[in-house]
Amino acid sequence: MTIKEIQDSIVEDFSMLDDWMDRYSMLIEMGKECPMIDTQYRNDEHLINGCQSRVWLHAELKDGKIYFTADSDAVITKGIIYLLIKVFSGQTPSDILAADMGFLDEIGLKEHLSPTRSNGLLSMIKQMLIYAETMKVER
Amino acid sequence: MKRFDIEEVRKQFPVLDQKVYGRQLVYFDNAATTQKPLCVIERERDYYLNENCNIHRGVHYLSQMATEAYENARKTVAAFINARKSEEIVFTRGTTESLNLLATSLGHLLINKGDKVVVSAMEHHSNMVPWQQMLIREGGELLVIKMDENGILDLNHYAELLKQRPKVVSIAHISNTLATVNPVKEMIRMAHEHDIPVIVDGAQSMAHQVIDVQDLDCDFYVFSGHKMYAPMGIGGLYGKTEWLEKIPPYQFGGEMVDKVSFEKTTFNKVPFKFEAGTPNVGAALGLEAAVKFIQSFDRQEVERHEDMLLNYATERLKDIDGIRFVGQAPRRNGLVSFLIDGIHPYDLGTIIDKMGVAVRTGHHCAEPVMTFFGIAGTVRASFAMYNTKEEIDIFIKAVEKAAMMLR
């Protein structure tokens, strides 16, 4: 699926739930499916700055596509990073760099996160884009 | 004096009467800032509507009225903490500015290479970082009073540190993370035996306890208005006159000077030499209104109500599976800090926020305290006079539901 198609399906999933408690429950459940980062990468080098909870993110390039793994000590944060992984994992660096992230506004995630969490979300996206940028050069 | 009637009190705080995410707001983040009663809001509004003027230098009517009002506010605050005279009160932006003032000015006066300053292991960053940075500049050393796993300071260790002849002791009256009420009167007595001045950080105590600076015999007492029902941007520094006379000014500019030439400047008298520039007059009048508001009740009755809230919340939390209290000193005040096994405080705070309950999560500007307990943060529920037992029931239900979702 393209980034746009994945984003559309996430927007659809979110729009089926009108209560934010249910949406959080969904994020918590999603967090449990997050592709776990290998323990060797669960270190300070892979830590994302700007989050109140700790988030580790790793990326690997396989056949020209980036595959992300992650972990967090907070389950909602883990759900959020998995949401982004769903969108970006298995895509090419160029597609990731060109992606429009407007879907986050559509699902209202940013406005429903506390400012610290919203900063954390932006830091996660930024880190994924940095990976894409570096791996684009590597190719 | 008014009888303490919770319904009447709550009517004074319109902000409490609102829904967030469709649910009645429960505001338990009072240790961060309290809400403001109508009398405070109206006092500041009235100042800008009818009285606004720069003070201390105008010949005209409004300026004289504003000056008088500002100086009366100083008198009210002085009487509130039983200072000997109003000149012992310096208006600042709050606790943080008061402590930066003291770290800088006392640093200039007292600290040389190799000198020491004592703080405790449970200080807010505001009562640690200014000292630490000053000591780095001067080549001095920070000594830290140890605490135990209940959040009780080790007074034997403190006595040992005093023998190292530190130049200053600066300690929290009530811990903002552990709720510990420190035995400051005793600690001041111990320091004075060695002729060491003591600063008490009263940020968490002013709204909850009767403060008598003469009885404590502290050399300085610092506080924030916004944590005691007053506006933001105003606070105070009480200092014994002999100390305020001795220490040099912190900031320079208008108002704080006596005679000025390009060669030399002499400074205004205490407390004006510490109030450079135009002060926040409107907020100072708001602070005076807040003090009068607190004084309008029987303080013991308010204390009993707040103690009831803390005890009830603690009792109810004990029933939650996997609860861990952070801070279990026998004398606690105003707040409860906790964790639930396997649940990140940030997740818990996020979910109960959606149920209308406002608490604080994280390290509460006391990272060394979190490091001591080996945790990343806590959930902190903190109370004010307008909170109710019913709100605690809502809070407990929200915590239970969140714990269920997050496990």
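Predicted model: local features only at pLDDT ≥ 70, side-chain atom pairs only at ≥ 80, totals over all residues.
Q: Which helix holds C39(B)?
A: Helices here are DSSP runs (H or I, at least four residues; strands are E, at least two), numbered from the N terminus. Going by those runs, C39(B) sits in chain B's helix α2.

Q: Leaving out residues up to four places away in sequence, which residues does C39(B) touch?
A: Touching means being in contact: two C-beta atoms, placed from the backbone, lie within 7 Å. Leaving out residues up to four places away in sequence, the partners of C39(B) are Q12(B), A289(B) and F293(B).

Q: Roughly parallel or roughly antiparallel: how does α2(B) run relative to α10(B)?
A: Axes are lines fitted to C-alpha atoms, for helices over the stretch in contact, and angles run from 0 to 180 degrees between N-to-C directions. Helix α2 (residues 38-51) of chain B packs against helix α10 (residues 281-295) of chain B at about 150 degrees, their axes 8 Å apart. Under 35 degrees counts as roughly parallel, over 145 as roughly antiparallel, 65 to 115 as roughly perpendicular, and the rest as oblique. That makes the pair α2(B) and α10(B) roughly antiparallel.

Q: How many charged residues does the contact of α2(B) with α10(B) have?
A: From α2(B), the residues taking part include R43(B) and E44(B), and those of α10(B) include G282(B) and F293(B). Ala, Val, Leu, Ile, Met, Phe, Trp, Tyr, Cys and Pro count as nonpolar, Asp, Glu, Lys and Arg as charged, and the others, Gly among them, as polar. By class, the contact of α2(B) with α10(B) has 10 nonpolar residues, two polar and, for charged, two.

Q: How far apart are the centres of domain 1 and domain 2 of chain B?
A: The domain assignment, whose bounds come from an automatic or database source, gives chain B domain 1 (6-30 + 298-406) and domain 2 (42-295). Taken over C-alpha atoms, the centres of domain 1 and domain 2 of chain B are separated by 28 Å.

Q: Which helix gives the largest share of the side of chain B that touches chain A?
A: That contact takes 13 residues from chain A and 10 from chain B. On the side of chain B, α12 (345-354) and α14 (389-406) each supply at least two residues. The largest share, five residues, comes from α12(B).

Technical notes: Residues numbered from 1 in each chain as written. Chains lettered and ligands numbered in written order.
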